[in-house]
Amino acid sequence: MPDPWRPDLGCGAWRVWYAECCDALLAFDRVVATLPAGQLRDGVAASRADLLPLLASALRTAELGAYLDPDGPARPPALVELLAADPMGDLGDRLGPSPTGRLRERIERIRGELTGIADEAARLAARLHEHPHATDVAVWLAGLAEGVAQARRAAFIPSAYRVEGER
Amino acid sequence: MSADPRFRAGFAAAEQAHGRYLRALRTLAEGSAAHRQVLAGADRVDAELERAARLLAAGERATRYPPGGTPFREGPRRRLTRRQRLTPYDRHLHNLNRSVLRLYRAADAAVGVAVAVALAAGGPVESTVDDELAALTAALDELR
């Protein structure tokens with residue numbers, strides 16, 4: 001599992017987008033660090049293990065995007081200029097967007113889910129601060145667990161490449 | 001290699017598209033249907049890159065005078081189409097740009113297959129990849 005404190009992706013736009021996912025998980029870590037020792041802190045911290053596969057998915061997606069289009073899904077400016085200066089007119093409108101835009105969307109979706117989980121953890125921390133003697137912490141944690149499960153469903157882990165005949 | 005920067009830029013773009021196609025091929029698992037189909041189109045992509053190289057060489061020798069001689073030639077001129085009015089230099093450049101476009105489309109199709117395979121969920125892979133493979137076939141049909 002990748003360590004969110006040390007993203008090892010190369011430099012470029014894909015690294016920035018993956019780093020934003022790391023930042024969301026780090027925000028979650030900071031919230032956990034502010035919680036006092038107790039049931040809520042143990043329950044929230046336990047959710048972290050379920051978030052690491054999301055980060056791993058974002059890393060694999062960013063690595064694939066960086067390999068296919070190192071500078072991001074946007075077309076190189078030199079190519080756009082070349083096609084626009086064609087003697088018969090602008091050929092640029094005959095070229096659609098790069099398919100790696102879908103990889104960027106996947107990373108942004110994961111970032112959104114991780115940010116949502118961090119926000120939910122922060123809300124629980126604020127609620128505990130307002131009600132330090134609350135007795136329904138287990139209900140709070142159940143809500144957070146449902147949020148984590150939803151995040152995993154929304155940003156599903158890509159399946160391994162399949163060989164014909166293998167399921 | 002031609003010293004003309006426009007032809008040089010066009011051939012560089014063609015090489016980038018060719019490299020992109022090969023990178024997409026390398027991300028696919030060997031033995032998979034997607035890998036076989038993308039690999040089958042690699043020869044056409046290579047041939048298109050060779051065509052771009054020939055256009056690059058032709059551009060080095062092409063003249064910039066319009067059809068019919070120098071711009072200062074006297075006498076009546078026949079009616080020409082827009083394409084025919086292009087100088088040999090411009091025609092070679094236009095053909096090179098069209099080759100670049102075809103190569104980029106083929107590379108996009110191969111990248112689309114690689115992305116579809118990577119993003120497929122735990123269900124059947126074929127349902128999401130088939131559309132991309134059909135687009136790849138269409139893009140490769142544009143290549144000679």
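Accessible areas in these exercises come from the Shrake-Rupley method with a 1.4 Å probe. By that method chain A exposes about 8800 Å², and carbon and sulfur atoms supply 55% of this surface. The model is predicted.

**Exercise 1. Chain architecture**

Solution. 

Step 1. Chain A has 167 residues, of which 41% count as buried. Among the contacts in chain A with a separation of 6 or more, 75% are between residues 24 or more positions apart.

Step 2. Chain B has 144 residues, and 50% of them count as buried. Residues 24 or more positions apart make up 74% of the contacts in chain B with a separation of 6 or more.

Step 3. The accessible surface of chain B is about 7300 Å², with 53% belonging to carbon and sulfur atoms.

**Exercise 2. The interface between the chains**

Determine how many residues each chain brings to the contact, how much area is buried between the chains, and which helices of chain B take part.

Solution. 

Step 1. Chain B contributes 42 residues to the contact and chain A contributes 34 residues.

Step 2. About 3300 Å² is buried between chain B and chain A, and carbon and sulfur atoms give 62% of that area.

Step 3. Eleven residue pairs are in polar contact across the interface of chain B and chain A, with both residues at pLDDT 80 or more. On the side of chain B that touches chain A, helix 1 (5–27), helix 4 (88–119) and helix 5 (126–141) of chain B each supply at least two residues.

Step 4. Helix 4 of chain B gives the most to this side, with 17 residues. The residues on the side of chain B that touches chain A divide into 19 nonpolar, nine polar and 14 charged.

**Exercise 3. Salt bridges across the interface**

State how many salt bridges the rule finds between chain B and chain A, and locate the partners of the pair A:Asp69 and B:Arg20.

Solution. 

Step 1. Side chains of opposite charge can pair when their charged atoms come close. The cut-off applied here is a side-chain nitrogen of Lys or Arg within 4 Å of a carboxyl oxygen of Asp or Glu.

Step 2. Over all chains the count by this rule is twelve salt bridges. Across the interface of chain B and chain A, the rule finds three.

Step 3. One salt bridge joins the side chains of B:Glu132 and A:Arg102, at 3.4 Å from N to O.

Step 4. Another salt bridge is formed by A:Asp69 and B:Arg20, with their closest N and O atoms 2.6 Å apart. This pair crosses between chains: A:Asp69 lies in the loop between helix 3 and helix 4 (77–84) of chain A, and B:Arg20 lies in helix 1 of chain B.

Step 5. The burial class follows from the threshold of under 20% relative accessible area. A:Asp69 is buried because its relative accessible area is 9%, and B:Arg20 counts as buried because its relative accessibility is 4%.

**Exercise 4. Salt bridges within chain A**

Examine the pairs A:Arg48 with A:Asp29 and A:Arg104 with A:Glu108, and state where each partner lies and how exposed it is.

Solution. 

Step 1. A:Arg48 and A:Asp29 form a salt bridge in which the closest N and O atoms are 2.7 Å apart. The pair links distant parts of the chain, 19 residues apart: A:Arg48 is in helix 3 (residues 48–68) of chain A and A:Asp29 is in helix 1 (residues 13–34) of chain A.

Step 2. A:Arg48 counts as partly exposed at 21% relative accessibility, whereas A:Asp29 is buried with a relative accessible area of 16%.

Step 3. A:Arg104 and A:Glu108 form a salt bridge with the closest N and O atoms 2.9 Å apart. The two residues are separated by about one helical turn because they lie four residues apart in helix 5 (residues 101–130) of chain A.

Step 4. A:Arg104 counts as partly exposed at 33% relative accessibility, and A:Glu108 is partly exposed with a relative accessible area of 29%.

Step 5. To complete the account, salt bridges that share partners join A:Asp69, A:Arg75, B:Arg20 and B:Asp108 into one network.

Definitions and conventions
Residues numbered from 1 in each chain as written. Chains lettered and ligands numbered in written order. Predicted model: local features only at pLDDT ≥ 70, side-chain atom pairs only at ≥ 80, totals over all residues. Heavy atoms only, no water. Contact = heavy atoms within 4.5 Å. Buried area = accessible area lost by both parts, 1.4 Å probe. Polar contact = N/O pair within 3.5 Å; in protein donor to acceptor, adjacent residues only side chain to side chain. Nonpolar A, V, L, I, M, F, W, Y, C, P; charged D, E, K, R; others polar. Buried < 20%, exposed > 50% of the residue type's maximum accessible area, 1.4 Å probe, protein only.
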